[in-house]
Amino acid sequence: MLEQVKDIDFGTPRRVSAQEVTLEIDGETVTVAAGTSLMRAAMDAGIQVPKLCATDSLEPFGSCRLCLVEIEGRKGFPASCTTPAEAGMKVRTQTPKLQSLRKGVMELYISDHPLDCLTCSANGDCELQDMAGVTGLREVRYGLDGANHLKSPKDESNPYFTFDASKCIVCNRCVRACEETQGTFALTIQGRGFESRVSPGQNQPFMDSECVSCGACVQACPTATLQEKTVILLGQPEHSKITTCAYCGVGCAFKAEMKGNEVVRMVPWKDGKANEGHACIKGRFAWGYATHKDRRTKPMIRKNISDPWQEVSWDEAINYAASEFRRIQAKHGQDSIGGITSSRCTNEETYLVQKLVRAAFGNNNVDTCARVCHSPTGYGLGQTFGTSAGTQTFKSVEKADVILVIGANPSAAHPVFASRMKKRLREGARLIVIDPRQIDLVDSPHIQADYHLQLKPGTNVAVITSLAHVVVTEGLLAEAYIAERCDDTSFQQWREFVARPENSPEAMAPVTGVPAETTRAAARLYATGGNAAIYYGLGVTEHAQGSTMVIGIANLAMATGNVGREGVGVNPLRGQNNVQGACDMGSFPHELPGYRHISDTTVRNQFEAAWGVTLNPEPGLRIPNMLDAAQAGTFLGLYCEGEDIVQSDPNTQHVTASLMAMECIVVQDLFLNETAKYAHVFLPGSSFLEKDGTFTNAERRISRVRKVMPPQAGLSDWEVTVKLANALGYPMDYAHPRDIMAEIASLTPSFQGVTYAKIEKHGSVQWPCNEDTEALGTEIMHVDQFVRGKGRFIITQYVATDEKVTRKFPLILTTGRILSQYNVGAQTRRTDNSQWHSEDRLEIHPHDAEERSIRQDDWVGIESRAGQTVLRAVVTERMQPGVLYTTFHFPESGANVITTDNSDWATNCPEYKVTAVQVMPVAQPSEWQKSYSRFNTEQLALAKAAPPLDAASAAVAR
Ligand code: SF4
Ligand code: SF4
Ligand code: SF4
Ligand code: FES
């Protein structure tokens, strides 16, 4: 039987209190936490009170008057949603008087509502319809001819939902959802009394307003006023399954609501611990790419990249790839091939790719796209705390008093967490932002950063060390915490180092561009403002000193005692859905699953026994090393699953030249992505809707990905890797991803207690999950002691990047993301999200623009020592003079043609955030763009011409 996951609406939010009250409702005795509404207490007793304006994700509002109750000894009919339960109360929810009052309320609503229930898109899922039934409404005495809003126009401007004002009952749920849940404040109620109507902005269409299309209002609406267009098109869903968003590292849980094998809508799951029923535009609406016509669903092969692609069977494609890999190894040695896995893949898929490389390829040449985002987090937190992971749950931010955001733009890249953070900030938590740009958080509705340290790109380490200088020299250290929890020798050395005058805010100000007084004030606030939590992103890691900066952050948190309890901690905001998992699963060349070095004989022996092979004790090649080795002629075969290095990695021309030097590139992906255009074998991938597995979010939370439709190409990604291993002569045999997880758990101490059964039961599990932890794993890390024992301080000497501004390249380009697009854009570009952002633009300060006669929307040539490209200009004061910004979501933009191959000293994470450039107005695309356009057209034609199976076999045999 098809599953249908039911949500129960308790009417008002859960209250937490040590105090309890016992009362009687309709003769039932019920005990609830103090502060609980009568409506929710009644639900606890199994009694549903009619309601319209209340829902348990929002604070009660008390406007519809449908939930009236009688309380013994009290006059009148209070609203149960806004009346708190009190000890000894005797409440009645169903009396003839109440019934009559409610019927009267409903009559008024219905007299101004179109009576088209049978053809309404919400038919069967409308709370107004339900309440008409519950209250026994049979007629509307006022008739339907009075003043009404039945002719109010529809707003269809948003591509994902409609706003049909004629159906609005002005319950205010949408307005409150936008304020309380999302924190955007895009909606208001305009007018008074009968004239009051919901309005985006100042009576604007949704698309012209501040709305960010998170959909919280649509979900909150009890009628068909705000309705998903897919529901209008397809009708109400028939069944549903819980799964996990495949976009960012927040890892929101969703209920995929289906009709047959078709998704009708994605509804954020309220029991999902990462998101508690909220979502952003990407997860909620941008899933149409899964069935986009660009999907390639047939395996394809070709001998040379100038040949047409030929569609073949799975077996032919896999056998061809395996024979090519073995041929290359026979000729050029065992180390001449490798694999790249992706943070978009499930844990199980990633585990299998690294196993394939280590056991079947017989080398450690495996890497992941975490190389280019959070590898410095792995190094920095591993060195200081002993493990590479965020220390908190997202919920922990609700207990933070000071929030320090460094090099992250959560409103764009981690929107659901941003909403949670904004809620805490509106409650009064203080905010410090360290970022070269004026990101949204610095000044957004009801939020104003206390301090914005608008540093020059590339000077993070100077800033963090000068913050530490203030903590040490102004006596703000958490001495007792340090004495108990941290290594004394390293602390003493660090203290002496940061206290040096050259590390003071005054000495560093000319370097960082941050006024010394601002740095001092921020340090004082962080150290003395109560629970202080750090959230950081790629603006920290993607630098030549990325690892040093992560260490600096860990030092600061330890020095102020801000690790190991709720409300504090060090939290890397992971970019992609499974960055954490990809790292955990051993996809770096030097580490086996669970961050254990490949040179550790005991660990290696364990894997050798389980896998039945001898493992190479030497770390293999990282992605940049693979590319260099390709050009040197020693690395000639690559298996690349779910990753698009041509678009995402720096110095595009170096990447493409390296790929052209290889003999067999196997790409496994949903689309013929930029890397696939250089490939010899294409293996169709499966979207997150087409497979089972798990993702691990930035909280270390392992959640299930569930198959809701069959794989379009017939196989899920993990099955393809299994087939490839077998074709290479290394047997793999799993019936289901749960078996892969069982193997992971048996070989990885921090996953020992992780099973699919446990995840099914509890919804999710946070690692470490072993015999020392509770069943659900570990919410907060380093509680009594650090994973490594004593926390280790490490000196963070600021070293200016080699990427310096010069007369030739006088400006600094930094890169980042935008809300509606995701990473290389392969998914979001194939959805209506492109209506918000259809091209990458160059942001430039008015001063820099004026000096170069650049106006809004002008085409601007951007040149670095790596290459040239052309983008249109956005002239904005979000930028500081001397600094430019762009996104990298469109291949033709060539943002990474500009970025250089400078990288982090410890991990090779590219220095995306600092590229010295010059810009000038131009009239035509760059040479690279012209050649990209030609190559792209050719490659699409070669794929289009793919001949059928038999012809293909003959061609490859030739
Ligand atoms: S979609 Fe989100 S941002 Fe837009 S109006 Fe609704 S709640 Fe507000
Ligand atoms: S749009 Fe929906 S949620 Fe908003 S006031 Fe109207 S009926 Fe209520
Ligand atoms: S916040 Fe991230 S995980 Fe959540 S819905 Fe948006 S993209 Fe998906
Ligand atoms: S549900 Fe209580 S007043 Fe509307």
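This report describes ligand surroundings, cavities and aromatic contacts in a predicted model.

Local features need pLDDT of at least 70 and side-chain atom pairs count only at pLDDT 80 or more, while totals for chains, interfaces and linings use all residues; side-chain values use heavy atoms, without hydrogens and water. Residues are numbered from 1 along each chain as its sequence is written, and chains are lettered from A and ligands numbered from 1 in the order in which they are written.

**Ligand shells**

A residue belongs to a shell if one of its heavy atoms lies within 4 Å of the ligand. Around ligand 1 stand C178, L187, F206, C211, V212, S213, C214, G215, A216 and C217. Eight of these residues are nonpolar, two polar and none charged. Here Ala, Val, Leu, Ile, Met, Phe, Trp, Tyr, Cys and Pro count as nonpolar, Asp, Glu, Lys and Arg as charged, and the others, Gly among them, as polar.

The shell of ligand 3 includes C245, C248, C252, C280 and K282. Two elements, α7 (281-285) and α12 (415-426), each give two or more residues to the shell around ligand 3. Helices (H or I, at least four residues) and strands (E, at least two) are DSSP runs, numbered from the N terminus.

**Cavities**

A cavity is a set of points, on a 1 Å grid over the protein atoms alone, where a 1.4 Å probe fits but cannot get out; lining residues have an atom within 4 Å of a point. Its volume is the space filled by probe spheres set on the points, which are joined across faces, edges and corners. The structure holds 10 cavities of 30 Å³ or more.

| Cavity | Volume | Lining residues closest to the centre |
|---|---|---|
| Largest | about 540 Å³ | L538, G539, T815, G816, K913 |

The lining of the largest cavity has 17 nonpolar, 15 polar and six charged residues.

**Aromatic contacts**

Rings of Phe, Tyr and Trp (its six-membered ring) pair if their centres lie within 6.5 Å; planes under 30 degrees apart count as stacked, over 60 as edge-to-face and the rest as tilted. There are 21 aromatic pairs. Y160 and F285 are stacked, at 4.8 Å centre to centre and 5° between the planes. Y160 lies in the loop between β5 (154-155) and β6 (161-164) and F285 in helix α7, so this pair ties together parts 125 residues apart in sequence. One aromatic cluster consists of Y160, F161, F163, F206, F285 and W836.

Notes. On a 1 Å grid over the protein atoms alone, a cavity is a set of points where a 1.4 Å probe fits but cannot get out, and a pocket is an open set with protein on both sides within 12 Å along at least five of seven lines; lining residues have an atom within 4 Å of a point.
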